[in-house]
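Q: I have a model open and want to learn how to read a few of its features. Where do we start?

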Amino acid sequence: MLSTYRYPKFEYRPAPEQLAGRTQRHPVVIVGAGPVGLAAAIDLAQSGQPVVLLDDDDTVSVGSRGVCYAKRTLEILDRLGLGEPCVTKGVSWNVGRTFFREEEVYNFNLRPQEGHKRPGMVNLQQYYLEEFEITRARQLPALDIRFRNKVVSVAQDGDKVILQVETPDGIYALEADWLVAADGARSGIRRMLHLDVEGKIFKDRFLIADVVMKADYPPERWFWFDPPFHRNQSVLLHHQADNVWRIDFQLGWDADPEEEKKPENVIPRIKAMLGDEREFELEWVSVYTFQCRRMHSFRHDRVLFVGDAAHQVSPFGARGANSGIQDTDNLCWKLKLVIDGQAPATLLDSYSDERVFAADENLMNSTRSTDFITPKTKTSLTFRNAVLELARDNPFARALVNSGRLSVPTFLTGSVLNTPDSADFAGDMIPGAPMDDAPMHEDGSDFWLLDRVGNGFMALVHVADPARLDGETAARFRALAAAPIPVEVVLVAPVAGPAPAGLRVFVDRAGRYAERYDSQTGTTYLLRPDQHVAARWRNFDAAALQAALARATCNC
Amino acid sequence: MPLTLQPNFHEAGTRYFRPFSPGDDFYEALIETHRDLSDEQSDLVNAKLILLLANHIGDLAVLREAMRLARARL
Ligand SMILES: Cc1cc2nc3c(=O)[nH]c(=O)nc-3n(C[C@H](O)[C@H](O)[C@H](O)COP(=O)(O)OP(=O)(O)OC[C@H]3O[C@@H](n4cnc5c(N)ncnc54)[C@H](O)[C@@H]3O)c2cc1C
């Protein structure tokens with residue numbers, strides 16, 4: 001099919017229910033092994049939670065889909081043990097250039113600041129991401145993946161969800177305490193539960209061509225408004241793995257998708273862009289229209305919606321899979337606490353609230369980009385072109401050029417899980433913030449902060465000298481790690497030094513932590529398992545920390 | 001004060017975490033102002049908008065500079 005990639009075929013095996021001839025009850029069933037369902041399954045299973053993952057297919061994503069995975073997603077993939085293969089195989093980039101007609105009018109750098117582990121973005125074909133996820137998933141004994149298992153009916157029944165699943169050996173029933181619906185934009189779970197998804201379709205069509213070619217363009221995102229080779233429309237170019245290049249041509253609403261997809265129509269467009277002498281091969285061609293929409297709520301009793309099933313955005317901004325993986329980052333620790341009886345089910349409402357808030361930000365940004373790229377009226381077109389003309393010489397206009405605002409995490413400022421500040425802090429690490437990375441040092445080796453926080457609650461306590469921490473305080477810190485919901489206290493210090501037994505020390509070797517977190521001696525941060533700030537204080541106070549922990553887990 | 005050409009959009013009480021957000025908020029409001037208008041109506045709205053803003057700025061030196069820049073490179 002593709003010249004650069006062979007689709008794996010995953011083996012179907014009859015389910016234990018079919019072999020035993022009776023229904024079983026599972027704590028968590030996930031429907032859909034796309035990038036989002038797989039991330040959820042890995043996250044839960046690596047915390048020891050048994051999970052069943054059902055997918056109707058037996059391979060990875062087919063055709064041209066996700067390309068760009070953002071820094072925050074890579075940090076989550078790192079936590080899932082997947083960051084390295086994705087970054088190694090993919091093409092890392094930070095710079096995007098925007099051209100208007102013949103000239104460059106604007107460029108951006110996604111990582112203006114040094115001292116972060118991951119780049120702003122990695123380009124990687126979606127099938128590689130899914131393949132790496134499946135490889136990782138198969139290392140986890142708690143995870144039972146069932147290919148060619150299609151959910152054909154779903155019903156909520158009091159304290160459980162009942163599914164009918166169709167396989168090559170017929171239909172069997174399955175029961176779940178919790179169902180995670182990761183079954184994509186056309187979610188059958190959503191439809192079968194009669195739930196609505198609201199939004200709009202953009203009246204435009206895009207030709208998406210994946211092309212194999214050798215080219216030594218720098219690893220950057222290039223976007224053209226009204227280029228000479230594709231007049232009055234936009235074009236986007238991305239470098240992916242294996243010398244595959246993604247080219248998006250805006251076609252307009254009146255284009256005929258079937259005609260446009262034909263090689264005899266696609267090839268001249270590409271030649272006009274690349275020049276006649278450049279050799280290339282077509283890998284995959286499709287024509288898309290895009291939608292922006294979301295469900296009203298992502299939790300419906302025992303069914304939790306994630307990824308495209310819950311929300312869909314236009315791809316200018318690469319906010320689809322990126323936001324879906326961030327959904328699972330938000331959901332999994334909450335679900336685990338609820339299953340373990342450590343938090344009430346209302347904690348899952350905060351999943352919906354926080355991720356609906358994030359989805360609205362993603363929808364707003366991708367809608368604004370789409371409106372800028374494809375103006376709907378003569379007046380919007382005039383404004384758009386005026387911005388582009390002014391952008392060459394004027395910084396204010398450059399800031400208005402919107403060729404896609406690329407996926408960045410949402411600051412969950414309004415969340416009920418946050419404990420509001422009681423002291424003044426500078427910077428952005430407010431309660432609800434996704435954590436900034438920083439270069440650190442521990443026990444003789446350098447590491448990145450985000451590689452050693454998360455999965456459970458942690459408190460970072462800033463001390464001037466770890467060796468001078470008194471025994472009583474140390475004992476109090478250690479006790480927190482033994483509580484029903486453990487909080488691991490880690491000392492952050494400007495210098496290394498022997499800490500009291502049982503406590504770790506992160507050395508802020510470049511001073512970036514102190515700077516980014518406005519941290520001084522005494523400053524204490526309570527961090528969520530998903531690497532978001534829950535609360536912070538100027539001094540450690542055990543009672544305040546307990547209260548914040550209770551608040552962050554809906555235990556108050 | 002000379003004509004400001006650096007990004008300058010902001011709104012009291014709003015905290016921005018991304019540099020593009022204030023400008024995008026403005027641009028969306030601008031396009032929204034023209035929703036459902038005919039081209040002639042939009043032209044009139046634009047003219048009124050310029051007059052309102054010009055009076056708000058007041059300083060003719062600044063306005064002349066803006067008018068000059070707007071006409072340049074046509
Ligand atoms: C042209 C294009 C470019 C894009 N670019 C980007 C990008 O650069 N970055 C980005 O982040 N996103 C991008 N996206 C979006 C991205 O592809 C999606 O957001 C992502 O695939 C959503 O993942 P998902 O797991 O929620 O759903 P899906 O990938 O749709 O996976 C759903 C899975 O559920 C399975 N399934 C469905 N129904 C059932 C059932 N009844 N029973 C069992 N299994 C079922 C399906 O087989 C499938 O495996 C792009 C999309 C397109 C079309």
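This is a predicted model: local features need pLDDT of at least 70, side-chain atom pairs count only at pLDDT 80 or more; totals for chains, interfaces and linings use all residues.

Q: How do strands of a sheet pair, and what is the strand order in the open sheet of chain A?
A: In general, strands pair through backbone hydrogen bonds, either parallel or antiparallel. Here the open sheet has 3 strands in the order β3-β7-β4 (chain A), and the pairing is antiparallel. β3 (68-70) and β4 (91-93) of chain A are the edge strands, each pairing on one side only. On average, neighbouring strands are turned by 25° against each other, direction ignored.

Q: How many bridges join β3(A) and β7(A)?
A: There are 3 bridges between β3(A) and β7 (residues 121-123) of chain A. In one of the pairs, Cys68(A) has Asn123(A) of β7(A) as its bridge partner.

Q: Which helix lies across β3 and β7 of chain A?
A: That is α3 (residues 71-79) of chain A, running at about 75° to β3(A).

Q: What span does helix α1 of chain B reach?
A: α1(B), residues 21-33, reaches 18 Å from first C-alpha to last, close to the 18 Å expected for its 13 residues. Among its buried residues are Tyr27(B) and Leu30(B). The cover over the buried residues includes α10 (347-373) and α11 (378-391) of chain A, together with α2 (39-57) of chain B.

Q: Is Thr553(A) buried or exposed?
A: Thr553(A) counts as buried because its relative accessible area is 0%, and the cut-off is under 20%. Thr553(A) lies in the segment after α15 (542-552) of chain A. Beyond its neighbours within four places in sequence, its contacts include Leu337(A), Phe457(A) and Ile485(A).

Methods
Residues are numbered from 1 along each chain as its sequence is written. Chains are lettered from A and ligands numbered from 1 in the order in which they are written. Side-chain values use heavy atoms; hydrogens and water are left out. Helices (H or I, at least four residues) and strands (E, at least two) are DSSP runs, numbered from the N terminus. The expected span of a helix is 1.5 Å times one less than its number of residues. Buried means under 20% relative accessible area, exposed over 50%, partly exposed in between (1.4 Å probe, protein chains only). Contact means heavy atoms within 4.5 Å. Two strands pair if DSSP finds at least two bridges between them. Axes are lines fitted to C-alpha atoms, for helices over the stretch in contact, and angles run from 0 to 180 degrees between N-to-C directions.
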